[in-house]
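Okay everyone, thanks for coming.

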Amino acid sequence: MSDLKDIVPISEWFPGKNITELLIAGPCSAESEEQVMETGKEIIKHTDIKIYRAGIWKPRTRPGSFEGVGLEGLKWLQKLKKETGLLTAVEVAYPEHIKACIEHDVDILWIGARTTANPFSVEELANALVGVDKPILVKNPVNPDLSLWIGAIERLYKKGIRKIAGVHRGFYPFEKTIFRNIPKWEIVIELKRKFPHLPIITDPSHISGTVKYLREISQKAMDLNMNGLMIETHINPKAAKSDKEQQITPVELKELLNSLKVRQAVCENEEVQNKLDQYREQIDSIDNQLLDLLAQRMDVVSEIGKHKCENNVSILQLRRWEKIIETRTEVGEKLGLGNEFIVKLLQLVHKESIQKQAEVMDKMGKCK
Ligand code: PEP
Ligand code: MN
């Protein structure tokens with residue numbers, strides 16, 4: 001089970017519908033029958049979207065804000081589905097939600113970021129999903145903990161669910177950032193590396209928090225060959241009862257989707273592929289050299305550790321560290337490397353060096 005290799009590809013989720021990637025749009029919340037119907041009809045008028053999302057029960061940070069319309073909203077979704085053929089997707093947080101969604105013929109269920117962060121809740125949902133043949137999307141947990149995300153997916157998989165996809169919706173930022181939730185592509189790439197069969201889509205709306213970065217994030221998702229997008233779309237975003245800053249109109253959705261450049265995951269042109277292979281060989285060779293140099297650096301670090309230990313000098317030498325940052329960023333700049341990148345890289349190397357020296361000192365026992 002650990003490789004999740006029996007996960008069913010998206011193309012087999014809805015036979016006959018020709019759905020190979022998950023393009024999902026619809027409002028943050030279902031608010032009224034008119035809003036649900038009009039948004040849905042406008043979406044299909046302007047785009048090829050086949051899956052409609054709407055929150056029915058909303059996980060709000062504080063009580064008292066709009067918490068969703070509840071069961072009534074499922075009836076509107078059912079009507080929309082009947083009239084337009086759109087498939088529907090809804091967030092579930094309790095077993096009763098699952099039951100209600102099944103009764104109203106909802107096609108896709110998703111587990112929200114706050115729920116994914118809670119293994120008790122996920123286990124409860126997984127139990128309620130035994131024997132339910134519906135695709136389940138698992139949003140990343142609010143905190144950047146890949147194991148927690150994987151754990152939620154595994155809990156479903158263990159109960160026999162095979163139509164699963166991850167949704168990258170960004171992670172709660174502790175520091176001030178331009179995003180509502182920080183995208184951590186390295187986590188997504190690691191998830192994909194561990195479980196190549198698991199489809200992963202991106203939710204640029206909850207990452208961005210405003211309409212401003214939707215395009216940039218969606219394009220990044222395409223560049224990284226994500227398996228789809230979930231974009232909050234509302235007939236009248238200004239009047240939305242939740243997440244109004246980040247929702248776009250169906251016409252804006254069309255413009256956004258049309259502006260995206262979709263990259264090929266596999267290259268069919270032989271010449272392009274050959275060139276790509278050559279570049280990759282160069283990169284492989286450079287990476288090996290980098291690793292070699294890092295290992296050499298660490299050997300010297302061990303020697304310094306011994307030397308400091310024998311002469312009772314402390315590991316951290318602040319002046320020296322400042323000098324390293326100053327000189328390396330200067331060189332980096334001349335070489336066209338960004339300051340932030342160099343500093344981050346040096347911090348990692350420095351941390352490892354300190355650790356190494358501490359280990360050396362530890363081994364030597366009482367120095368001198
Ligand atoms: C949503 O999709 O409306 C939502 C609440 O998302 P998340 O769980 O990612 O916050
Ligand atoms: Mn929302």
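This is a predicted model: local features need pLDDT of at least 70, side-chain atom pairs count only at pLDDT 80 or more; totals for chains, interfaces and linings use all residues.

**A first tour**

The chain has 13 helices and eight strands.

Let's go to the metal. Which residues give the protein donors of the manganese ion, ligand 2? They are C28 through SG, H206 through NE2, E232 through OE and D243 through OD, and they lie 2.1 to 2.4 Å from the ion. Along the sequence, the spacing of these donor residues reads C-x177-H-x25-E-x10-D. Now look at two of them: H206 belongs to helix α8, residues 204-208, while E232 belongs to strand β8, residues 228-232, so this pair ties together parts that are 26 residues apart in sequence. And are they buried or exposed? H206 counts as buried, at 8% relative accessibility. E232 is buried too, with a relative accessible area of 1%.

Next up, ligand 1. There are 13 residues around it, and the closest are R53, K58, A113, K139 and R169. Sort that shell by class and you get four nonpolar, two polar and seven charged residues. K58 puts a polar side-chain atom 2.8 Å from an oxygen atom of ligand 1. For K139 it's again the side chain, with an N or O atom 2.8 Å from a ligand 1 oxygen. A113 uses its backbone: an N or O atom there lies 2.8 Å from an oxygen of the ligand. How much of ligand 1 does the protein cover? On its own the ligand has 290 Å² of accessible area, and the protein covers 97% of that.

If you want one bridge to click on, E91 has W110 in β4 as its bridge partner.

Most residues other than glycine have a negative phi. N18 isn't a glycine, yet it has a positive phi of about 55°. You'll find N18 in the segment before β1, which spans 22-26. N312 is not a glycine either, and it has a positive phi of about 55°. N312 is in the loop between α11 (270-310) and α12 (318-334). Buried or exposed, these two? N18 is exposed, with a relative accessible area of 63%, and N312 is exposed as well, at 70%.

Last stop, K163. This lysine sits in the loop between α6 (146-158) and β6 (164-168). With a relative accessible area of 14%, K163 is under the 20% cut-off, so it counts as buried. And what does its side chain touch? The K163 side chain makes a polar contact with the side chain of D133, at 3.0 Å.

Terms used: Residues are numbered from 1 along each chain as its sequence is written. Chains are lettered from A and ligands numbered from 1 in the order in which they are written. Side-chain values use heavy atoms; hydrogens and water are left out. A residue is near a molecule or strand if one of its heavy atoms lies within 4 Å of it. A polar contact is a pair of N or O atoms within 3.5 Å; within protein, one must be able to donate a hydrogen and the other to accept it, and residues adjacent in sequence count only if both atoms are side-chain atoms. Accessible areas come from the Shrake-Rupley method with a 1.4 Å probe; for residues, only the protein chains shown count as cover. Ala, Val, Leu, Ile, Met, Phe, Trp, Tyr, Cys and Pro count as nonpolar, Asp, Glu, Lys and Arg as charged, and the others, Gly among them, as polar. Donors are N, O and S atoms within 2.8 Å of the metal (3.2 Å for Na, K and Ca); water is not among the atoms, so sites may look incomplete. Helices (H or I, at least four residues) and strands (E, at least two) are DSSP runs, numbered from the N terminus. Buried means under 20% relative accessible area, exposed over 50%, partly exposed in between (1.4 Å probe, protein chains only). Two strands pair if DSSP finds at least two bridges between them.
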